[in-house]
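I opened the model to look up helix packing and charged pairs. My notes follow the order in which I checked things.

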Amino acid sequence: MRTTDNPLSTAAVVDETLERAFEVAGLDHLQLDGDGRRSLAARIWASAWPKLGAVAIALLLWQAVVWSHWKREDILPGPWRVFQSLRDGVADGSIPRAVGITMQRALIGFALATVIGLVAGTLIARWRVMRLAFGSFVTGLQTMPSVAWFPLALLLFKRSEGAILFVVVLGAAPAIANGVISGIDHVPPLLLRAGRVLGARGFGLYRTVVLPASLPSMLSGFKQGWAFAWRSLMAGELLVIILGKQSIGVQMQTARDLADSPGLLASMVVILVIGIVVDALVFSTADKAIRRRHGLLDRAG
């Protein structure tokens, strides 16, 4: 492909490139659209039954351990007693209120971590000096256990929301930054050359070529960042108890103090369910959309 300063020639090149892209996309659509012809109920069931089967197996194993009398049932209750406690918590509103408080903290902390991680990752990936200065530093931050930050957080913010958010952001931002760096590093040079030939420069090259091409790796960073944020938040709610904020962590600590095993396990079930729902509705959906856009999703996907 030969560059030219003639606007008409450049437009022709762009039109030809887009036309070929649409042709390829059309072929991919014909190849991959077998799943789309199924009804919505069939697609939902195809996605749900493996998860339901895994839940059933886990419940059977749980009940088998209880039946083995490895621990007394007042220490390790069976699924039915735990679900009764869970039902009571939903009925009196304590669990929905706790979930609301915890999710608000999680979303605020993850949003702040996303902004910081995106900016830091882009700067480190773009400038060699920044990579040499901070590349290993970011990885070192990611390897630090979140609980190690709490003594400093308590000194800086006392027992407040700021202490919890401080640890959540520090737990998630490095993982997101490393995902951004990895995504930008693995953009094929051919795409960069093609973008420059078509006139993309500077920020325009990043916006139209680099960021879309690096989305799969960046999504992995976001997913890992959410996992770090969620774990940091649970540790924070157990260690930093704020009066009037009956979060999931506070409910767990209260159940432990009262030797309420069903209530403790009910809170753990809520934490697990939230993790599964966020992964299924947010990250798995986004991953599937990105893979379909890049032609990486087969008929079984």
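Predicted model: local features only at pLDDT ≥ 70, side-chain atom pairs only at ≥ 80, totals over all residues.

I looked up how helix α4 (residues 94-126) sits against helix α5 (residues 128-143): the angle is about 130°, and the axes are 6 Å apart. That makes α4 oblique to α5. On the α4 side I listed Leu123, Ile124, Ala125 and Arg126 as the contact residues. On the α5 side they are Arg128, Met130, Arg131, Phe134, Gly135 and Val138. By class I have six nonpolar, one polar and three charged residues in this contact.

I then turned to salt bridges, of which the structure holds seven.

I looked at Arg105 and Glu161, whose side chains form a salt bridge at 2.9 Å, N to O. Arg105 lies in helix α4 and Glu161 in helix α7 (residues 161-185), so the bridge ties together parts 56 residues apart in sequence. Arg105 counts as buried because its relative accessibility is 5%, under the 20% cut-off. Glu161 is partly exposed at 25%. I also found Arg105, Glu161 and Glu237 linked in a network of salt bridges. Beyond its neighbours within four places in sequence, Arg105 has contacts that include Ile164, Leu165, Leu233 and Ile242.

Asp185 is in helix α7, 54 residues away from Arg131. Both count as partly exposed, Arg131 at 30% and Asp185 at 40%.

Last, I looked up Asp257 and Arg256, which form a salt bridge with the closest N and O atoms 3.4 Å apart. Both residues, Asp257 and Arg256, are exposed.

Methods:
Residues numbered from 1 in each chain as written. Heavy atoms only, no water. Axes fitted to C-alpha atoms, helices over the stretch in contact; angles between N-to-C directions. Helix = DSSP H or I, 4+ residues; strand = E, 2+ residues; numbered from the N terminus. Parallel < 35°, antiparallel > 145°, perpendicular 65-115°, else oblique. Contact = heavy atoms within 4.5 Å. Nonpolar A, V, L, I, M, F, W, Y, C, P; charged D, E, K, R; others polar. Salt bridge = Lys/Arg side-chain N within 4 Å of Asp/Glu carboxyl O. Buried < 20%, exposed > 50% of the residue type's maximum accessible area, 1.4 Å probe, protein only.
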